[in-house]
Amino acid sequence: MIAVCLAGLLAGSLHVFSGADHLAALAPLSLQARRRAWTLGLRWGLGHSGGVLLVAAAAFGLRQLGDFQSLSGWGERLAGASLILLGLWGFR
């Protein structure tokens with residue numbers, strides 16, 4: 001179990017530093033509040049981490065009930081739609 005947690009932490013850390021989606025999500029928001037951009041980043045990071053933990057806990061608890069592979073595609077679509085909406089908001 002420790003190895004799984006460490007692997008998840010490593011994968012999450014690599015995603016943070018290499019994921020362009022984080023920059024795309026925060027850039028329009030931080031431009032509006034330049035002096036408070038670090039608090040925005042902190043709140044976003046805590047919210048993002050909290051959401052990931054909740055989804056992981058739910059998936060771990062419900063893993064016996066069904067196949068979650070089919071939900072993966074929908075999760076990717078939802079993430080893509082969110083990035084498109086953030087991009088449109090940034091253009092506005």
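Mentor: Let us begin with accessibility: a residue counts as buried under 20% relative accessible area, as exposed over 50%, and as partly exposed in between. Please keep in mind throughout that this is a predicted model. Take W89, which is found in helix α4, residues 69-91; its relative accessibility is 35%, and therefore W89 counts as partly exposed.

Trainee: Which residues does W89 touch, if I leave out those up to four places away in sequence?

Mentor: With those left out, W89 touches L29 and Q32.

Trainee: At what angle do α2 and α4 pack, and how far apart are their axes?

Mentor: The angle between α2 and α4 is about 30°, and their axes lie 9 Å apart. Angles under 35 degrees count as roughly parallel, and so α2 is roughly parallel to α4. The crossing of these two helices, α2 and α4, is left-handed. On the α2 side the contact is made by D21, A24, A25, P28, L29 and Q32, and on the α4 side by L83, L86, W89 and G90. Sorted by class, the residues of this contact between α2 and α4 are seven nonpolar, two polar and one charged.

Trainee: How does the packing of α2 with α3 read, in angle and in distance between the axes?

Mentor: Here helix α2, residues 20-32, and helix α3, residues 37-62, pack at an angle of about 140°, with 10 Å between their axes. That value makes α2 oblique to α3, and the crossing in which α2 passes α3 is right-handed. From α2, the residues H22, A25, L26, L29 and S30 meet A37, L40, G41, W44 and H48 in α3. This contact of α2 with α3 divides into six nonpolar residues, four polar ones and no charged ones.

Trainee: Is G41 buried, partly exposed or exposed, and what value tells us so?

Mentor: G41 lies in helix α3, and because its relative accessibility is 27%, G41 counts as partly exposed. The C-alpha atoms of G41 and A27 are separated by 9.8 Å, with the two residues 14 apart along the chain.

Trainee: May we try one more residue, A11, and ask in which helix A11 lies?

Mentor: A11 lies in helix α1, residues 2-18. With a relative accessible area of 45%, A11 is partly exposed. A11 and Q69 are 58 residues apart in sequence, and from C-alpha to C-alpha they are 19 Å apart in space.

Notes. Residues numbered from 1 in each chain as written. Predicted model: local features only at pLDDT ≥ 70, side-chain atom pairs only at ≥ 80, totals over all residues. Heavy atoms only, no water. Axes fitted to C-alpha atoms, helices over the stretch in contact; angles between N-to-C directions. Helix = DSSP H or I, 4+ residues; strand = E, 2+ residues; numbered from the N terminus. Parallel < 35°, antiparallel > 145°, perpendicular 65-115°, else oblique. Left-handed = near helix turned anticlockwise from the far one by under 90°. Contact = heavy atoms within 4.5 Å. Nonpolar A, V, L, I, M, F, W, Y, C, P; charged D, E, K, R; others polar. Buried < 20%, exposed > 50% of the residue type's maximum accessible area, 1.4 Å probe, protein only.
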